[in-house]
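Me: I am new to this structure and would like to go through it in questions and answers. Please show it before we start.

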Amino acid sequence: MPPPEPNASITTLDLSRLSAPPGGSRRLTGYLARPPRTGPWPGVVVVHEALGVDDVMLRQVGRLARAGYLALMPDLLTRGGVRRCLIPTMRAATSGRGRAYQDIAAARTFLAEDPDCTGAVGIIGFCMGGAFALMSAGQGDFAAASANYGLLPKELDQALTGACPVVASYGGRDRMLKGAAARLDSALERLGIVHDVKEYPQAGHAFLNDAEVGPRPLRPLFRVTGMGPHPEAADDAWRRIETFFDTHLKHDDQHDNRKKAES
């Protein structure tokens, strides 16, 4: 895996005008990265881990931009940080209800309205964000979803009926999500949803991160539980994610034709 890259291309946005009116956060910050090449590009809403926006998460935004996507990460903890917002946001992640979904919708609207967006918008989430990605996949707003070590919806079949195509990655050493990959794969197969679900036996939770996260005193404990970077698994997972998104976002003729008609 290449070394972490600087975040100079990340632009900080105020998304409050889009989030507040429909019942989302009255104040919402977002982080946007544009591809280096000429647009238009598909959009991807990036949903962060439970610990919030940090340099590791911002590098994920930058990586998606370099892969050719207009990438936007809304800070779901803008209003009160981890201490005040984490528990209600985590509850919302698997219930399909709550302010966070309006914030995600605000990010999607921003991307869809951007003149440099093709109109095709996907969603990707990590950890807590993976749960949001799965719930959002079945709500009809996204063209593709990537869920990475996210909790499964409480009512799995109900949440995923009619979902957009889903690519998902889990770690076999992730004790919090034992068997989640198999259950998700079975549900998507049963429901006839296009999908690519894979479990990496030697990887744990947060294996797509390129550096350790969380309070430094707790990092040794995280290592013992297998939580943290696993470069080999991450490389393969990113290859699958980019291939899947290329298929379902970049090759969306309907959206491409719509943008040509508008021009």
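Reply: The model is a predicted one. A place to begin is Lys250, which counts as partly exposed because its relative accessibility is 28%. Its salt-bridge partner is Asp246, with the closest N and O atoms 3.4 Å apart.

Me: In which helix do Lys250 and Asp246 both lie?

Reply: The two residues are four apart, about one turn of the helix. Residues three or four places apart point the same way, because an α-helix has 3.6 residues a turn. The helix that holds both Lys250 and Asp246 is H9.

Me: How many salt bridges does a search of the whole structure find?

Reply: One of them pairs the side chains of Lys198 and Asp236, at 2.9 Å from N to O. Lys198 lies in strand S8 and Asp236 in helix H9, so this pair ties together parts that are 38 residues apart in sequence. Over the whole structure, the search finds nine.

Me: Asp210 and Arg59 meet in a salt bridge; how many residues apart in sequence are the parts that the pair ties together?

Reply: The side chains of Asp210 and Arg59 meet at 2.7 Å, N to O. Asp210 is in the loop between strand S8 (195-200) and helix H8 (219-224), while Arg59 is in helix H2, so the parts tied together are separated in sequence by 151 residues.

Me: Is Arg59 buried or exposed?

Reply: A residue is buried when its relative accessible area is under 20%. Arg59 has a relative accessible area of 15%, so it is buried.

Me: How many of the 12 residues of H2 are buried?

Reply: The buried residues of H2 include Val56, Met57, Leu58 and Arg59. Among what covers the buried residues are strand S1 (10-14), strand S5 (117-126) and H9. H2 is mostly covered, and its count of buried residues is nine.

Me: How far apart are the end C-alpha atoms of helix H2?

Reply: Helix H2 covers residues 55-66, which makes 12 residues. At 1.5 Å a residue the helix should span 16 Å, so the distance found in the model agrees: 16 Å.

Me: Asp75 is buried yet has no salt bridge; which side chain of opposite charge is nearest?

Reply: Asp75 is found in the loop between strand S4 (70-74) and helix H3 (81-95). A polar atom of its side chain lies 3.0 Å from the backbone nitrogen of Leu77. A salt bridge needs the nitrogen and oxygen within 4 Å. The nearest side chain of opposite charge is 7.4 Å away, and it belongs to Arg27.

Me: What is the relative accessibility of Ser136, which counts as buried?

Reply: Ser136 has its place in helix H5 (residues 128-137). Leaving aside neighbours within four places in sequence, Ser136 is in contact with Tyr101, Ile104, Ile123 and Phe142. Ser136 counts as buried because its relative accessibility is 2%.

How values were computed:
Residues numbered from 1 in each chain as written. Predicted model: local features only at pLDDT ≥ 70, side-chain atom pairs only at ≥ 80, totals over all residues. Heavy atoms only, no water. Buried < 20%, exposed > 50% of the residue type's maximum accessible area, 1.4 Å probe, protein only. Lys, Arg positive; Asp, Glu negative; His and termini not counted. Polar contact = N/O pair within 3.5 Å; in protein donor to acceptor, adjacent residues only side chain to side chain. Expected span 1.5 Å × (residues − 1). Contact = heavy atoms within 4.5 Å.
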